[in-house]
Amino acid sequence: MLGVAALLLFNTLANLEARRIASGFAFLWREAGFEIGEPAFAYSAADSYARALAVGLANTFKVAVLGIAAATLLGTGIGLLRLSKNTLLHSLAAAYVEFVRNVPLLVQLFFWYALITEALPHPRAALHPLPGVFLSNRGVFFPSFSSTPVLEGFNFTGGMALTPEFAALLAGLALYTAAFIAEIVRAGVLAIERGQWDAAHALGLSWRQALRHVVAPQALRVIVPPLTSQYLNLTKNSSLAVAIGYPDLVSIANTTINQTGQAIEGIAIIMAVYLTISLAISGFMNWYNARLK
Amino acid sequence: MNRVWTALLAVIALFLAWKFVDWAFIEAVWQPDARACRAAHGACWGFIADKHRFILFGTYPYEEHWRPAAATLLLISLWAFSSIRIFWKWWLALVWLFGLLIIAFLMWGGLGGLPYVENERWGGLILTLLLTTFGLAFAFPLSILLALGRRSTLPVIRGMCVAYIELVRGVPLISLLFMASVMLPLFLPAGVSVDKLLRAQIALILFAAAYLAEVVRGGLQAIPAHQYEAANALGLTYFQSTLWIVLPQALRIAVPPLVNTFIGFFKDTSLVLIIGLFDLLSTIKVSLNDPAWTGFGVEAYLFAAAVYFVFCFAMSQYSRRLERQEPVGQGR
């Protein structure tokens, strides 16, 4: 075993030397020299690789946090709809879950990206569903606290904007994960015994009150562990951003690897970041489980 | 009140369904004619009609397309055949071995008058199915070893298995694929090279093994302690009791969640697109680069979704049917 490890190390060092690839993390402080489409904070091509990677990490967190919030809301809604007594409602929800879970996320991301860039009109003919909100093939624009978007030349300025890449990634991640969360919520509510509902009804609580005060607090214990693993999946899946051109951590690290040739360091950075996130979340889970007991 | 809402919702759902049917079928263009497509209001399925050979077979030589077609049908038949429980016998392994040999002969050729086709030219649906099949075939035995290792009483073995499983499950598949495509060549001695397809396949195997190991571990945990005790009392060694008593029961329990993991893995093979392999999704995406057909991404990806859905839905229905059937070899 040690022999194999030594051989691999020897090969790697020989290869690195033959290809004139530097090793070590010194490259992090060199000038990156590439622009980033939508930096989460101030960044220019003259900044270092370290700053570029930090921008990528911030972009990963941005899409993951928004995606988790959207997927939770949507998933809980769909999960509860699946439990509805109304045949139309629960079959629509079931169809959604069945369809979304059986199609690869990457296909869904490409689909949303194609839909935004191909099916939506040019900025000049942008859809205008609400005052100040514009949908166009250059992205989604909506008012911020300080300004509203205005058409200037070929695109909108002012307000807040979601680029097509970000909007597609966010929509894809949220809609995909929501289907899995819906199943978790449904299973959690079903895990509560019939008697709890009956007792709540006997006390004169309505369906909604019973859910809110009796069932939900108990179901949450069943729901939270698998839910956190879905949050973790969403965060890991946000790395598919590289396929549609949203500058997340993996996509920036990929550019870094292509420019510097330092694949080992680049991949080590990606893995270290995701492992830290995973371990932090499972640490939280253990703490949460211990607290419930 | 409730009825009013239901009626309103039904009207909206029907309206949207009608809009979709109108776009996807009534107004759609089915002939491979890009100009007609751009003029029409409906979907452009002509794109798929024009590109179907490339989508299904990638860059495989055009005159030889019957070979990947036959291999695809054979592989799907093997899967369908293996789903029938009465065939779960030892000779099923021989059926697979024989089937895969025929597939290898069809795909590579080079014998009996079939021209040789190097695997850089393989692509499309068969590549997706082969990556899935070989990924699972190699990952499954590895996952059993990992799961057993994770329950081992030897701290070194247990520690290594836990570390491996948690490491792989903690990082995105893309990082493993990048590792296989850019890092693996650095590990090999000068002059030795492993082709791209094999490198991606290795990454997929290592990835699937970690996830399958957790499912197998679930099955192992479901075996009651008295089974182990009874095996010990009969004087069986660890190896004997694992092979003859514990594993057969644990794997039977684990079949439905295993099928669900298979579905996830089948979907995940689409990520090889990112490192430049021509799987089904990749051939569809590349077809859109043809200047005559740019701008039909919505139709292209709906088609991709439909193909993946057919396979995944069939597998998930199968898994559900297995779950409903009474558990086998259990109880007393």
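Me: How do you know that contacts in chain B link residues 24 or more positions apart?

Reply: Happy to start there. In this predicted model, take the contacts in chain B with a separation of 6 or more: 67% of them are between residues 24 or more positions apart. Here two residues are in contact if their C-beta atoms lie within 7 Å.

Me: What makes up the secondary structure of chain B?

Reply: Chain B has 13 helices and zero strands. Read along the sequence, its pattern is α-α-α-α-α-α-α-α-α-α-α-α-α. The C-alpha trace spans about 80 × 75 × 40 Å along its principal axes, and buried residues make up 35% of the 332 residues in the chain.

Me: How do you know whether the span of helix 1 of chain B agrees with its 25 residues?

Reply: Just set the two values side by side. Helix 1 covers residues 2–26, and at 1.5 Å a residue it should span 36 Å; the C-alpha atoms at its ends are 34 Å apart, so the two agree.

Me: And why is helix 1 of chain B called hardly covered?

Reply: A residue is buried if 20 or more other C-beta atoms lie within 10 Å of its own. Among the 25 residues of helix 1 of chain B, the count of buried residues is zero.

Me: What makes the buried residues of helix 3 of chain A lie on the same side?

Reply: The buried residues are A93(A), V97(A), V100(A) and R101(A). They cover an arc of only 95° around the axis, so they sit on the same side of helix 3 of chain A. These buried residues pack against helix 2 (49–82) and helix 5 of chain A. On the face turned away from the buried side are the exposed residues T87(A) and A95(A).

Me: Which residues touch the most other members of the largest nonpolar core?

Reply: That core has 157 residues, and L106(A), V107(A), L109(A), L169(A), L177(B) and A304(B) touch the most other members. Helix 5 (residues 164–190) of chain A gives the largest share, 18 residues. As for L177(B), leaving aside residues up to four places away in sequence, its contacts are A200(B), A203(B), L271(B), V272(B), I274(B) and I275(B).

Me: What makes up the side of chain B that touches chain A?

Reply: The contact takes 38 residues from chain B and 38 residues from chain A. On the chain B side, helix 13 of chain B supplies the largest share, 11 residues. By kind, that side divides into 29 nonpolar, seven polar and two charged residues.

Methods:
Residues are numbered from 1 along each chain as its sequence is written. Chains are lettered from A and ligands numbered from 1 in the order in which they are written. This is a predicted model: local features need pLDDT of at least 70, side-chain atom pairs count only at pLDDT 80 or more; totals for chains, interfaces and linings use all residues. A nonpolar core is a set of buried Ala, Val, Leu, Ile, Met, Phe, Trp, Tyr and Cys residues joined through C-beta atoms within 7 Å. A residue is buried if 20 or more other C-beta atoms lie within 10 Å of its own, exposed if 12 or fewer, and partly exposed in between; C-beta atoms are placed from the backbone. Helices (H or I, at least four residues) and strands (E, at least two) are DSSP runs, numbered from the N terminus. The expected span of a helix is 1.5 Å times one less than its number of residues. The arc is that of the directions from the helix axis to the C-beta atoms. Ala, Val, Leu, Ile, Met, Phe, Trp, Tyr, Cys and Pro count as nonpolar, Asp, Glu, Lys and Arg as charged, and the others, Gly among them, as polar.
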